[in-house]
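Please keep the picture in view while you read.

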Amino acid sequence: MSNLADIIEQFILRRLSAENSDIVILKRNELADEIECAPSQISYVLSTRFTTEKGFIVESRRGLGGFIRIARLVAPTTLYEKVAAEIDEDTPLDDILAIVEYWQSHNLISAREAALITQYCAMLYDFVVPDRRVPLLRMIFITLGNH
């Protein structure tokens, strides 16, 4: 028989699949009642099995209006390739920097990678004409996806 952590994990994964989206919002106490466990056991499973390294972002609020929002991350390689494909001559630097900031804040890239990409992109926007800038911007994001 599976241990309780496995049961909780499978329950949450089934709910994610049933929602037909990559986000599910749950109430910790209701989930604990349904599975017949303590809310702290739900917290344990969330902190060990639903991490960014395993492809999830978990937002948790406690209290009366509390909830747990679990989002499944898109595979990073696909994410980088998608951004690279969407870059064109009209893409403003602010959009690129917002993406880099978002990725760093969600631990998809390191602070060092974010700083390097930010500097690289700023130089491209300052010194390279748009039609030559696009392939260079795409290259940096595709490189992220390959490593």
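The dialogue below takes up domains, salt bridges, surface charge and distances in turn.

Q: What kind of model is this, and how are its residues numbered?

A: This is a predicted model, where local features need pLDDT of at least 70, side-chain atom pairs count only at pLDDT 80 or more, and totals for chains, interfaces and linings use all residues. Residues are numbered from 1 along each chain as its sequence is written, and side-chain values use heavy atoms, with hydrogens and water left out.

Q: Which domains does the chain have, and how far apart do their centres lie?

A: Domain bounds come from an automatic or database domain assignment. Here the assignment gives domain 1 (4-72) and domain 2 (76-145). Their C-alpha centres are 32 Å apart.

Q: How do I read a salt bridge, and how many are there?

A: Side chains of opposite charge can pair when their charged atoms come close. The rule asks for a side-chain nitrogen of Lys or Arg within 4 Å of a carboxyl oxygen of Asp or Glu. By that rule, the count is 5 salt bridges.

Q: Where in the chain do the partners arginine 49 and aspartate 6 sit?

A: Let's take the contact before the location. Arginine 49 pairs with aspartate 6 in a salt bridge whose closest N and O atoms are 2.6 Å apart. The pair links distant parts of the chain, with arginine 49 in helix α3 (residues 39-49) and aspartate 6 in helix α1 (residues 4-18), 43 residues apart. Helices (H or I, at least four residues) and strands (E, at least two) are DSSP runs, numbered from the N terminus.

Q: Is aspartate 6 buried, partly exposed or exposed?

A: Buried means under 20% relative accessible area, exposed over 50%, and partly exposed in between, using a 1.4 Å probe and protein chains only. Aspartate 6 is partly exposed, because its relative accessibility is 27%.

Q: Which salt bridges does glutamate 59 form?

A: Glutamate 59 meets arginine 61 in a salt bridge (3.3 Å, N to O). Glutamate 59 also forms one with arginine 69, where the closest N and O atoms are 2.5 Å apart. This second pair links distant parts of the chain: arginine 69 belongs to strand β3 (residues 67-72) and glutamate 59 to strand β2 (residues 56-61), 10 residues apart. Arginine 69 counts as partly exposed because its relative accessibility is 29%.

Q: Which residues form the patch of negative charge on the surface?

A: Asp and Glu count as negative and Lys and Arg as positive, while His and the chain ends are not counted. Patches are made of residues with over 30% relative accessible area and no salt bridge; like charges are joined within 9 Å, and nonpolar side chains (Val, Leu, Ile, Met, Phe, Trp, Tyr) within 5 Å. The place of a charge is NZ of Lys, CZ of Arg, CG of Asp or CD of Glu, and accessible areas come from the Shrake-Rupley method with a 1.4 Å probe, only the protein chains shown counting as cover for residues. In this model Glu30, Asp33, Glu34 and Glu36 gather in such a patch. Aspartate 33 is in helix α2 (residues 28-35), and glutamate 36 is in the loop between α2 and α3. Glutamate 36 is exposed because its relative accessible area is 74%. Although not a glycine, glutamate 36 has a positive phi of about 65 degrees.
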